[in-house]
Amino acid sequence: FASYVLPLITVPYLVRVLGPAGYGTVAFVQGLIAYFTIFVDYGFALSATRKISIHRNDVKKVNCIVFSTWTAKLLFSIIGLLILIILVISIPKFQENILLFFILYGTTIGSVLFPIWLYQGMERMVYISVINISIQLIVVICVFTIIHRPEDYLRYAFLIALGSIVSGIIGAVLAYRIFHLHFYIPSLSEIRETIKEGWTLFLSLASISLYTAGNAFILGLFTSNTVVGYYSAAEKIIQAILRLLSPITQATYPLLSRIASESKTMALQLARRILVVMTSLGFTLAVVLFLSAPIIVRTVLGSEYEHSISIIRILCFLTLAIGINNVLGIL
C-alpha cells in the first residue's frame with residue numbers, strides 16, 4: 001500500500017509546481033518506459049514466484065531459479081536499451097526529451113535488480129514493505145525539498161529513477177544474505193527454460209499492460225503535453241486506487257500456488273472466496289470514485305485540472321473490472 005499511496009502524497013504538489021505541461025512531459029516519457037519495464041519483467045513476477053514457492057525448501061534449486069531469472073531480465077534490459085537508443089535517435093519528437101528518456105530508463109534497471117518475485121515466492125514480504133516504505137519516504141521528502149518550479153521536471157525524473165535503482169540494489173543485497181544465495185552462472189538451457197515458462201504469463205500480463213501502462217505515451221503522440229498532463233493526473237489517482245487491490249493478489253498468489261500443487265479443489269474454494277472480496281471491494285471503490293470525482297480533483301489536483309473530472313469518472317470502473325481480472329486472469 002505504502003509504495004503507491006506515498007507517491008500519491010506528492011501528486012497535489014507536483015501537478016501545481018510542474019503544471020500540466022511539465023507533469024505531462026514526464027508522464028509522456030514514463031508511458032514509453034513503462035513498455036520497456038513490461039518487457040523486462042516478462043512473466044517472471046508470476047512464473048518465478050510460482051516456481052520458487054514450490055521449491056522453497058530446496059536452497060540449491062532456488063538459487064538456480066534466481067540467477068536464471070536475473071540473467072534473463074538483464075538480457076531483456078540490454079535489448080530494451082538498444083531499442084530505446086534507436087527510437088530517440090530516429091524520432092524527432094523523442095529527441096526533444098532525449099535526456100529524460102535515459103534518466104527514466106533507470107526505473108527499468110531498478111526492476112531488473114529488485115527480486116520481488118523471490119520475496120513473494122518465499123513469502124517474506126515484510127522485507128519488500130520495509131525497503132519500499134523507506135525509499136519512498138526519502139523520495140517524497142526530496143520532492144518537497146528540491147522540486148520548486150516547472151523546469152525541475154528533470155530533477156523529478158532523476159528522483160524516480162534513483163529511488164527505483166536504490167531499492168533494487170538494497171533488495172538484491174538483502175536477498176543474498178537472507179536466502180543464502182551464491183553467485184551462479186546459469187546455462188543457456190536454464191535461461192531458455194526460464195523464458196519459456198514465463199511466455200504465456202507474459203502474453204497475459206502484456207495484453208493488459210499494452211492498453212494501461214502506456215496511455216499517456218500514446219496520447220502524447222497525437223496531442224500536447226498539456227493534454228497529457230490532464231489525463232495523467234487523473235490516471236495517477238485511479239492507478240493509486242487500483243494498486244490498493246494489488247497487495248491482496250500478490251500476497252495470496254504464492255499461497256494459492258502451493259495449495260494448487262496439492263489440491264485443485266481447495267485452491268478453487270480459496271479462489272472463490274477471494275473473488276467475492278475483490279468484486280465487492282472493486283465495486284465499492286468505483287462508486288466512491290464516480291461520486292467524489294469533483295471533490296478529489298479540486299482537492300488533490302487544483303482548479304487548473306477541471307478537465308480531469310470526466311476522465312476519473314470514465315476510468316473509475318476499472319476498479320471493478322481489474323478486481324475481477326486479478327482473480328480470474330491471474331490467480
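This is a predicted model: local features need pLDDT of at least 70, side-chain atom pairs count only at pLDDT 80 or more; totals for chains, interfaces and linings use all residues.
Residues are numbered from 1 along each chain as its sequence is written, and side-chain values use heavy atoms, with hydrogens and water left out.

**Helix pairs**

Two packed helices are described by the angle between their axes and the distance between the axes. Axes are lines fitted to C-alpha atoms, for helices over the stretch in contact, and angles run from 0 to 180 degrees between N-to-C directions. Helices are DSSP runs (H or I, at least four residues), numbered from the N terminus.

| Helix pair | Residues | Axis distance | Crossing angle |
|---|---|---|---|
| α2 and α3 | 44-54 and 59-90 | within 10 Å | roughly 170 degrees |
| α14 and α15 | 264-301 and 308-315 | within 9 Å | roughly 140 degrees |

Helices α2 and α3 are therefore roughly antiparallel to each other (angles over 145 degrees; under 35 is roughly parallel, 65 to 115 roughly perpendicular and the rest oblique). On the α2 side, the contact (heavy atoms within 4.5 Å) is made by Phe-44, Ala-48, Lys-51 and Ile-52. The residues of α3 that take part include Ile-65, Val-66 and Phe-76. The residues of this contact divide into seven nonpolar, one polar and three charged. Here Ala, Val, Leu, Ile, Met, Phe, Trp, Tyr, Cys and Pro count as nonpolar, Asp, Glu, Lys and Arg as charged, and the others, Gly among them, as polar.

The angle between α14 and α15 makes α14 oblique to α15. Their crossing is right-handed, a term used if the near helix is turned clockwise from the far one by less than a right angle. Ser-308, Ile-309, Ile-312 and Arg-313 of α15 meet residues of α14, among them Leu-289, Phe-290 and Arg-298. The residues of the contact of α14 with α15 divide into 10 nonpolar, one polar and two charged.

**Individual residues**

Gln-120 lies in helix α7, residues 116-121. Gln-120 counts as buried because its relative accessibility is 6% (buried means under 20% relative accessible area, exposed over 50% and partly exposed in between, with a 1.4 Å probe and protein chains only). Not counting residues up to four places away in sequence, Gln-120 touches Ala-45, Thr-49, Met-125, Ile-128, Gln-250 and Pro-254.

Leu-331 is found in the segment after α16 (318-330). At 23% relative accessibility, Leu-331 counts as partly exposed. Leu-331 and Tyr-253 are 78 residues apart in sequence, with 6.1 Å between their C-alpha atoms. Leaving aside neighbours within four places in sequence, the contacts of Leu-331 include Tyr-253, Leu-256 and Ile-274.

Conventions. Helices (H or I, at least four residues) and strands (E, at least two) are DSSP runs, numbered from the N terminus.
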